[in-house]
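Colleague: I would like to go through this two-chain model with you. Could you begin with the terms you need?

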Amino acid sequence: MTRTAALRRAALLAVPVAFFALFFAYPVAAITGRGLKEDGEWRPGTAFEVLTDPGVGQVLWFTLWQAAASTALTLALALPGAYVFARLDFPGKRVLHAVVTVPFVLPTVVTGAAFLGLTGRGGLLDDLWGVRLDTGVWAILLAHVFFNYAVVVRTVGGLWAQLDPRQEEAARVLGAGRFAAFRRVTLPALGPSVAAAGLMVYLFTFTSFGVIQILGGPRYATLEVEIYRQTAQLLDLPTAAVLTLLQLATVGVLLGVHAWIVRRRESSLALVDAAHTARPPRGAGERALLGGTLAVIALLILLPLGVLVERSLSGPDGYGFAHYRALGSRSGGTFAVAPWEAVGNSLSYAAVATLIALAVGGLAAAALTRRAGRFTRGFDALLMLPLGTSAVTVGFGFLIALDEPPLDLRSSWILVPLAQALVGVPFVVRVMLPVLRAVDDRLRQAAAVLGASPWRAWREVDLPLVRRALLVSAGFAFAVSLGEFGATVFIARADRPTLPVAVARLLGRAGELNYGQAMALSTILMVTCALTLVLLESLRPARHTELVA
Amino acid sequence: MKRSLIVVPVLGLLAVACGGGEAGSGGDEVTLVTHDSFAVSDEVLDRFTEETGYTVRVLRGGDAGIVVNQAVLSQGNPQGDVLFGVDNTLLSRTLDEDVFAPHEAEGLAAVPEEYRLDGSEHRVTPVDTGDICVNYDRAWFEDRGLAPPGTFEDLADPAYRDLLVVQNAATSSPGLGFLLATVAAYGQDGWQDYWQRLADNGVEVVDGWEQAYNERFSGAGDGDRPLVVSYASSPPAGVVYGGEERPEQAPTGVAPDTCFRQIEFAGLLAGAANEEGGRALLDFLLSQEFQEDMPLQMFVNPVREDAALPEEFTRYGEVVDEPLTVDAELIAAHREEWIDEWTSLVVR
């Protein structure tokens, strides 16, 4: 590697490193340090006590296996979906692609309610067939699929749509069976992005909180739930700090395994314009696959969402728009939030968070594109850590770390999109990186030989190929922010309530009208999310030329 | 070029954020740190600004537990000037950690002695009270010709088997309140037996109030349990947010002998940037105007004896004459132990 290339990489990495250090490493170190020290002395005894507690062992074991089971189930159900969305054309595809992401943005209390309305006692399935998954492990696993379906469909499908189908066709012509062609040609090409999707689903379910509490009932606890209890309820910082370190260590091992699996598997691929790869289903097999995927989506995603819409429309005097009208007519008091105001707040926070995540994640991905030394690989893994770190730790870390001028951001609005971007960045990196690495380096070299500056080569070679990945990752960052992921629950906020905050307020108060309006606002949140994603995805490149021969 | 294009907006945002943060602690603005349930009428808040010249900035930080813990962690360098929302179950933690500076609020004379838990030190000012009680679905019991339960003993009676849903005492404040009520009723060594009987009688534990009240309670939604732990003010709230026509009687009722009294306090945060504004705000929280606005905004009872209750409360609410309480010090000393014991008894 030449010196200029190294310098260029260092410059590209400067912003992501600073962002990560300031808004993740420093706050987390501050809060765990505070927990582990007493009167300035380190206390290793606490760590020993906590780690040898059999209860902690049980919690860790449950956390690990439920995340593994959830990830396996999600991959099994969503990978066929990724194929269907990448390769098949069918009516309503665009809208459905946006709709499967909607669960992502809904507050867990709301989706928990929808799930219980469907699978719980006296729910729809109970009425119809006596099927009941009131609370317990199956309810947790299915809810995790519901939330994370889009992660797999979008990450894997995004790349799949750009793989040149002629390669698999060539293998078939050369005599390979359909399955062999898939296994030898397509699967290796998809490997890194499947691993990336699996990693993100695992991290998300590893730190699962609301789903576990609502659907698991008080019997089940993940490390995340335990850390929340120790920090937010009991203020037992020493125990919380040890648990946080345990969580970080576990995530560290996972990231190591992931890096080991993915290493050497990434290779340059022939990428083509996604617009050319999809076609209507052919033959009984493909039609069955399409039908099966649509059935899974209908049962697991559309039905629970439908329950919410139904509840938002059902009032004391039958179905109607009474709750929506009531939302519009609310006046006076700091409790009331006009819905358009909440939509505006949500969208502006999400826009800022998306920009930050794209800037930070995009720069990191650009710097990490070319295979590099240990430091760069390590940084790649570090960027994933926020996804596997408890939100309450980060939130309370912000409180005690960012409390001195010029960085007293505690009550500043910017802290909210920053916290959301922290969760968005891993998505941007994981979506962009497999695609960027798949771009044949010889194309860049050719551009350089022809006299293009690095910037021009990036614009002319990389950008057209990664535009789709850029939009996919923007969609994720946006959804993460709209759904108020990460530490935002633990940040004190001045009165600019977003949609999820307004929903939570309404749900916290007795009265049928409040409940109905919470459901109506949730429906508005769903529609806002779907519409924005459809719009975002229609920002396709205008020219439909073939990009790589 | 690409770099500078992206870096500039990021730095710009940071600059705006820092600038905004500094402007936030200006002289004529007073910042109230509180939980998500805080609410006040616009008119009442405007009146405060007219009278004192201060505008109020409301900073919400999640539930009461989170807000209080954050205040403890940022002791001496607080996020705002006044904190509202410490209740008697969390009070000791803030007093032990010197979170508050003393202020004897104007109007304290109108507050009964029993609510002034900080005695003559005045580090905290009582603002409102609320009762956590078992609520029942009137229609459900009428349809079955069964009298609704009134006491703890009733709840353990096989006649009321599988009817009650409660919240997790480890994560929910009504859940904890109900546990404390049984501690007050049966004593530190007796509540365990009582909960064993409750468990044998089919009590169900869910995680939070929203789930218990909105999803499981038959008096509010499509739930199947006619008994739930909620607030004494839930029946009036249900009527106010229940539809156009006001019924004769609230569709839900309260079992008055099962109530745990919560007292909510406010205090001037030690190290407040706007101490004068904070004092004015504390006085305002105890003013008759705010106290009379509170019931229909937050569904709590005023602490001032001379504050009039709205009609919705007097007509549909229940007056709890003899609520149960546990000493704040005792709660602080045993909270974790009781919760752990309760968890292994009822949940696992």
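Modeller: Two strands pair if DSSP finds at least two bridges between them. Helices (H or I, at least four residues) and strands (E, at least two) are themselves DSSP runs, numbered from the N terminus. The model is predicted: local features need pLDDT of at least 70 and side-chain atom pairs count only at pLDDT 80 or more, while totals for chains, interfaces and linings use all residues. Residues are numbered from 1 along each chain as its sequence is written, and chains are lettered from A and ligands numbered from 1 in the order in which they are written.

Colleague: Which strand of chain A is joined to β2(B), and how do the two run?

Modeller: Strand β5 (residues 493-494) of chain A is joined to β2(B) by 2 bridges, and the two run antiparallel. Within this pairing, A:Arg493 lies opposite B:Arg60 of β2(B).

Colleague: How many residues of chain B are in contact with chain A?

Modeller: On the chain B side there are 63 residues, in contact with 58 residues of chain A. Two residues are in contact if their C-beta atoms, placed from the backbone, lie within 7 Å.

Colleague: Which element gives the largest share of the chain B side?

Modeller: That is α1(B), with 11 residues. By class, the side of chain B that touches chain A has 25 nonpolar, 24 polar and 14 charged residues. Here Ala, Val, Leu, Ile, Met, Phe, Trp, Tyr, Cys and Pro count as nonpolar, Asp, Glu, Lys and Arg as charged, and the others, Gly among them, as polar.

Colleague: Changing topic, which residues have the most contacts inside the largest nonpolar core?

Modeller: They are A:Val152 and A:Met432, in a core of 284 residues. Helix α18 (residues 415-438) of chain A gives the most to this core, 17 residues. A nonpolar core is a set of buried Ala, Val, Leu, Ile, Met, Phe, Trp, Tyr and Cys residues joined through C-beta atoms within 7 Å. A residue is buried if 20 or more other C-beta atoms lie within 10 Å of its own, exposed if 12 or fewer, and partly exposed in between, with C-beta atoms placed from the backbone.

Colleague: What does A:Val152 touch?

Modeller: Not counting residues up to four places away in sequence, A:Val152 touches several residues, including A:Leu75, A:Leu79 and A:Val201.

Colleague: How much of chain B is buried?

Modeller: Buried residues make up 53% of its 348 residues. Chain B contains 14 helices and 11 strands.

Colleague: Where is B:Asp162, and why does it count as partly exposed?

Modeller: B:Asp162 sits in the loop between α6 (152-155) and β6 (164-167) of chain B. It counts as partly exposed because it has 13 C-beta neighbours inside 10 Å. Its phi is positive, about 60°, although B:Asp162 is not a glycine.
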